Amino acid sequence: MRNALLASIASLVLAIPAAAQHQDIQVQSFDDNGMQRLRTGTGDFFNPGQPPQYEIRLFTQAMGDGGDPGETINPGFNAFDNDLPAGALLSFNVLDALRVWNPSNEDFEDIASTRMFIKLFTSSVATPTVADEVVGGFPFEQVSGDGSAHAHVLFELENPFEQGIFLLQWEIAINAAGVEPSLPVFILFVSGTVDQAEIDAAEAFMQAQIDAENACPGDANGDGETTTADITFIVSNLGAGAPGASGTPGDVNGDGETTTADITFAVSNLGTLCG
C-alpha cells in the first residue's frame, strides 16, 4: 500500500503543471508576543529568494489537478532554511467536519454528505461527521537539518461525491518543545465545474470570518486599540444598521446594528491594544 500510494503521489506531481506546484502553504515558527507558534502563508518552493507572505490562513485548491476528479496533493507544505526547528516532525489536527458551500445561503453551515481523507503512505485520517469534533492527524514531514521542509499529502473525497466547494478546517502542529500549533487554517477544495463567482463568494465569506476573528475587540474606529475614542465613535453612530447587517459603523459586537450594547462591549475592552 505504501508503494502504491507513493506511486500515486508521484504520478500526480508529474501531471501537475509547474506553475501549480508553487502554491504551497508556507510554514514558519516565529515569536508571537513572547510565545513561539507556527504561522502559515504563501511561498514559492522553486524560488526561495522570493519573500513569502505570512499570516495567510485561507487557501483555494481545485480537485482533480492530477487527473482523478476527487483527489489532489495540493496545496503542499514548505519551509525555507531556518524556518523550523531542525529534526522536528510536522503534523496536523482536523478541527471540524467537512463543510460544503451553500450558494443559496452563501455560507458553510452545511456539513457535507461526503468525508475527506488525508493520506500519506499507510497513514489515513478522515474528517469527522460531527460539527466541531477534533480529529488528530499524523506526522507528515520531518524538518531537515537546515530547518527547511517540503511535503505533500493526498486529499481525497470519499465516493460518491458531488461537485461543489468543500471547506477543510485544520491546524498545523510541530513536536518541538514550546512551539504552539498554527491558528486554524482553511482550505477550499473545488470539485467539478463551479462558477468562478461562487468561488469568489465562498472566499470572501471565509476571509470575512477570519478578519472578524482578528479584529480588535471594541475597536470601532480601526486604529488598532480600544480607547474612549471608540466609545465616542459608537455614540456618534447610535441607531445605524439593522440586525444581521454587515459593515455597520460602530457595530463592535457584530450583531449588525449600533446600540448601547456596543458601548458596553467597548467599555469592557478598554485598553486592548491589537495594532
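**Figure 1. Alanine 88 and the residues around it.** Setting aside neighbours within four places in sequence, alanine 88 touches Glu141, Gln142, Val143, Ile174, Asn175 and Ala176, where contact means heavy atoms within 4.5 Å. This is a predicted model, in which local features need pLDDT of at least 70, side-chain atom pairs count only at pLDDT 80 or more, and totals for chains, interfaces and linings use all residues. Residues are numbered from 1 along each chain as its sequence is written, and side-chain values use heavy atoms, with hydrogens and water left out. Alanine 88 sits in the loop between β6 (77-79) and β7 (89-94); helices (H or I, at least four residues) and strands (E, at least two) are DSSP runs, numbered from the N terminus. At 7% relative accessibility, alanine 88 goes down as buried, given that buried means under 20% relative accessible area, exposed over 50% and partly exposed in between (1.4 Å probe, protein chains only). Look for alanine 176 too: its C-alpha is 5.7 Å from that of alanine 88, although the two are 88 residues apart in sequence.

Figure 2. Phenylalanine 77 is buried at 2% relative accessible area, and phenylalanine 140 is buried at 6%. Phenylalanine 92 and phenylalanine 138 have ring centres 4.9 Å apart and planes at 80 degrees, so that pair is edge-to-face. Here, too, distant parts of the chain are linked: phenylalanine 92 comes from strand β7, phenylalanine 138 from the loop between β12 and β13, 46 residues apart. Phenylalanine 92 is buried at 1% relative accessibility, and phenylalanine 138 is buried at 7%. Ring pairs join Phe77, Phe92, Phe138, Phe140, Phe155, Trp170 and Phe189 into a cluster.

**Figure 3. An open sheet of four strands.** The strand order is β5-β15-β10-β11, with antiparallel pairing; two strands pair if DSSP finds at least two bridges between them. β5 (71-72) and β11 (123-126) each have a single partner strand and stand at the edges, so one side of each has no neighbour in the sheet. Strand β10 (residues 116-120) runs antiparallel to strand β15 (residues 154-157), with four bridges between them. Isoleucine 118 has phenylalanine 155 in β15 as its bridge partner.

**Figure 4. Strand β8 and its partners.** Strand β8 (residues 99-102) is joined to strand β9 (residues 107-111) by three bridges, and the two run antiparallel. Arginine 99 stands opposite isoleucine 111 in β9. The β8 and β9 hairpin has four residues between its strands, and glutamate 106 takes a positive phi near 55 degrees there. β8 also runs antiparallel to strand β16 (residues 164-174), with two bridges. In β16, arginine 99 has leucine 167 as its bridge partner.

Figure 5. On a 1 Å grid over the protein atoms alone, a cavity is a set of points where a 1.4 Å probe fits but cannot get out, a pocket is an open set with protein on both sides within 12 Å along at least five of seven lines, and lining residues have an atom within 4 Å of a point. The largest pocket has a volume of about 540 Å³, a volume being the space filled by probe spheres set on the points. Of its 21 lining residues, the closest to the centre are Ala212, Ala215, Gly247, Asp251 and Gly254. Helix α2 (residues 196-214) gives the most to the pocket lining, with five residues. There is one cavity of 30 Å³ or more, and the largest cavity holds about 40 Å³ of space. The largest cavity is lined by Arg37, Leu38, Arg39, Thr40, Glu55, Arg57, Ser182 and Leu183.

Key:
Phe/Tyr/Trp six-rings, centres within 6.5 Å; stacked < 30°, edge-to-face > 60°.
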